[in-house]
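Me: I would like to learn how to read the sheet, the core and the ligand site of a model. Please take them in turn.

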Amino acid sequence: MKANTRRDNKLAFDEVADVYDSARPGIPPQLVTSLVRITHLAPGDSVLEVGAGTGQLTRPLRAAGPEVTALEPGDRLRALLAKHAADDPGITVTGGLFEDYTAPDASFSAVVSANAWQWVDPAVSYAKAADLLTEGGHLALVWNFPIVADPELQRALNEVLAEDYPDAVRDPATHLSGIETRAGEGRAELAASGRFEVPWWQFSTDTLTLTPDAYHDLLLSYANAAVLDDTARANLFLMVRSTLDVHGVDTVTMDNVLYAVVARKTDR
Ligand SMILES: C[S@@+](CC[C@H](N)C(=O)[O-])C[C@H]1O[C@@H](n2cnc3c(N)ncnc32)[C@H](O)[C@@H]1O
């Protein structure tokens, strides 16, 4: 994905850390297994994860073998991540922005990130990742974009979301093409860095099945939810709930579009 042009609310997720932890889907183990295979990661290899949140990629990645240094600047998110990883000495949790991160060159076999790379300054991100990678190391980036599977229900929800929480609106007609456009712009950014070979990339879709409460929490886990006050959140809950009731829905099925891109560091 192309880097966000405005990154001032990049730490907003920390305001909703508990909701984030319970509501955000993990990266599917099957996709993580593919990423491990494509990047030739072996058990014991060292990986740096940027913007680890509460471990949505960290945990399945660690389960696939490598040792993970998980960088997460949000204090509350990082505390939850550390709690989840407490029993695993193969996960090292550390704080700070990637822009400020320091480690010797060639420290990692892979630099990975889920749903976070767009928050890092692109003038820094690719060059720093390349410097941190061993010869032949890989940058592996993944994002997921859930949308309500029934377009009619998504459009009905859009009507109640548009005024107070426009960021949560998802247009079924342009959802995939919008992701493809931003993904292409992100690959152009990667190419312009001159530090990586032509990438492998893939779109896939899995299904999320959520209770109405879990759907509401998912909406609240996005960056701009932190600006909603308690009244706005309560209103959002009521409006979402009543729309689901009108449509006779007690389970929200979502198509979760996953985009992954992997690039090998260019040989010098
Ligand atoms: C949308 S969350 C993704 C969390 C998790 N990886 C996931 O897939 O759900 C973005 C994360 O990136 C972190 N973040 C934002 N800007 C960052 C930066 N410049 N360097 C490192 N992490 C950053 C945020 O604190 C947040 O946890």
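Reply: Strands are DSSP runs of E with at least two residues, and helices are runs of H or I with at least four, numbered from the N terminus. Two strands pair if DSSP finds at least two bridges between them. This is a predicted model, where local features need pLDDT of at least 70, side-chain atom pairs count only at pLDDT 80 or more, and totals for chains, interfaces and linings use all residues. Residues are numbered from 1 along each chain as its sequence is written.

Me: In what order do the seven strands lie in the sheet?

Reply: Strands of a sheet pair through backbone hydrogen bonds, either parallel or antiparallel. Here the open sheet runs β3-β2-β1-β4-β5-β7-β6, with mixed pairing. β3 (91–94) and β6 (200–210) are at the edges with a single partner strand each, so one side of each lacks a neighbour in the sheet. Strands β1 (residues 46–50) and β4 (residues 108–114) run parallel and are joined by four bridges. In this pair, E49 is opposite V112 of β4.

Me: Which residues touch the most other members of the largest nonpolar core?

Reply: In soluble globular proteins, nonpolar side chains tend to be buried together. A core joins buried Ala, Val, Leu, Ile, Met, Phe, Trp, Tyr and Cys residues through C-beta atoms within 7 Å; buried means 20 or more other C-beta atoms within 10 Å of the residue's own, with C-beta atoms placed from the backbone. The largest core has 68 residues, and V47, V50, V111 and V142 touch the most other members.

Me: Which residues are closest to the ligand?

Reply: A residue counts as near if its C-beta atom, placed from the backbone, lies within 6 Å. The ligand is surrounded by 23 residues, with G51, G53, A114, A116 and W119 the closest.

Definitions and conventions:
Buried ≥ 20, exposed ≤ 12 C-beta atoms within 10 Å, placed from the backbone.
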